[in-house]
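Trainee: I have a model open and some questions about it. Can we go through them one at a time?

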Amino acid sequence: MAYKTMVVKIGSSTLVEGRSLRRELIADLARQASELERMGWRLVVVSSGAIACGVPQLGLSARPTDMPSLQACASVGQSALVTAYDEEFRAAGLLASLVLLTRHDTARRSSYLHARDALTRLVELGVTPIVNENDTVAVDEIRFGDNDTLAALVSCLVSADLCVVLSDIDGLYTDNPALVPTARFIPRVRRIDADIIASAGDSSSSVGTGGMITKIRASRILMTAGIASVICSGGERDALVRLARGEEVGTFFEPPAGRFEITPRKLWIALGDSAHGTVDVDEGAAAAITGRGSSLLPVGIRRVEGTFKAGDILDVRDPAGLVIARGISGADSEVLELAAGRRQEAILANRLLSELAGHPAIHRDDMIVFA
């Protein structure tokens, strides 16, 4: 039987109230998952909350700031969290499983593909995977940093039809509605530009790590991958079922029509590893990349940030500071800094730049351009 796949991300601020896990929310999610299954949908859950659940169980008065204590909270809290999911989903006649990931599991393309195969098989078997970052062992160098990014990754791994982010706000506004009474609700987004990104406010939650900006960035990657996404309130009644029926709930991010299918390799470039550096490009290079799908040549680079090696992932920013693409660097950071702004003939004449002689800084086959 053919089915559609929905990924739902639940943040800590939605899942944890005060110092208590909201079991009733998990029970309602299981009920909706059962209804979705009858409608021909399979559900994948990306759940935050492990650290927040572990804090009170360890008798701590507040979320700690040091890494070992955070890891201890995650270890204890993850057990309580997955137990709640298992019990509530079993009560609804569904089987749930636990999948823990870090950047280490996806930074290498082979590991990325293994994770894709495992998640896809679970969904095929009718299991509801409960996915979370493995905060017990993750350190800053291998962290996703927020589960909005993880939800985008999982959506791409399982080729989701829809990704839903349940938040403590009912969608995207032109400004922070808690601070600006005149802020207007935005029901649909067809293109994420600098204005949309500027409208995103910071997180006001004491238990979460992401804010609206992380959700916008995740939605932009999903739009590039041709996957629709929604940001809506975790308190919205039957949000997932209503969305499956085609109703309007929250802010809908509509992917461009007629985009070419993105290869798994380019999705891995976009999501599998964090960026190791950034290159700022001029207007001509930005137009060539976004409008013609061109490679990035050294002559178009104006500034290089970070220390990286050839083969590392880089973000590409336009003159306005907007990340327009991500790709694999063709040279070390020192070489790109020296080559920035130079034409190919100047590079060919410089023995220090032999690493880039006759090659682009980022080849178009190694670059994904964001919608």
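Trainee: Is C232 buried or exposed?
Mentor: This is a predicted model, where local features need pLDDT of at least 70, side-chain atom pairs count only at pLDDT 80 or more, and totals for chains, interfaces and linings use all residues. Residues are numbered from 1 along each chain as its sequence is written, and side-chain values use heavy atoms, with hydrogens and water left out. Buried means under 20% relative accessible area, exposed over 50%, partly exposed in between (1.4 Å probe, protein chains only). C232 has a relative accessible area of 1%, so C232 is buried.

Trainee: How many disulfides does the count give?
Mentor: A disulfide is a pair of cysteine sulfur atoms within 2.5 Å. By this rule the count comes to zero. C232 is in none, as its nearest cysteine sulfur, that of C163, is 10 Å away. The total is again zero disulfides.

Trainee: Which residues of α7 are buried?
Mentor: Helices (H or I, at least four residues) and strands (E, at least two) are DSSP runs, numbered from the N terminus. Helix α7 spans residues 147-157, and eleven of the eleven are buried, so the helix is largely enclosed by the rest of the structure. Just after α7, S159 takes a positive phi of about 50°. The buried residues are N147, D148, T149, L150, A151, A152, L153, V154, S155, C156 and L157.

Trainee: Which residue of β4 is the bridge partner of K4?
Mentor: Two strands pair if DSSP finds at least two bridges between them. Strand β1 (residues 4-10) and β4 pair in the parallel sense over seven bridges. Strand β4 covers residues 41-47, and seven of its seven residues are buried. The partner of K4 is W41.

Trainee: Which residue of β6 is the bridge partner of V45?
Mentor: Strand β6 (residues 128-133) runs parallel to β4, joined by two bridges. Both faces of β4 are covered, with V45 on one side along with W41, L43 and S47. The partner of V45 is I130.

Trainee: Which residues is T5 in contact with, beyond four places in sequence?
Mentor: T5 sits in strand β1. T5 is buried, at a relative accessible area of 5%. Contact means heavy atoms within 4.5 Å. Leaving aside neighbours within four places in sequence, the contacts of T5 are W41, R42, V44, V123, V158, A160, D161 and L162.

Trainee: What span does helix α2 reach from its first C-alpha to its last?
Mentor: The expected span of a helix is 1.5 Å times one less than its number of residues. Helix α2 (residues 23-38) has 16 residues, for which 22 Å is expected. G40, which follows α2, has a positive phi near 90°.

Trainee: Where is confidence lowest and where is it highest?
Mentor: pLDDT is the predictor's confidence in each residue, from 0 to 100. The protein chain averages 87, and 92% of the residues score at least 70. pLDDT stays under 50 over residues 139-144 and over residues 202-210. The lowest confidence is in helix α5 (residues 103-107), at a mean of 70, and the highest, at 97, is in α10.
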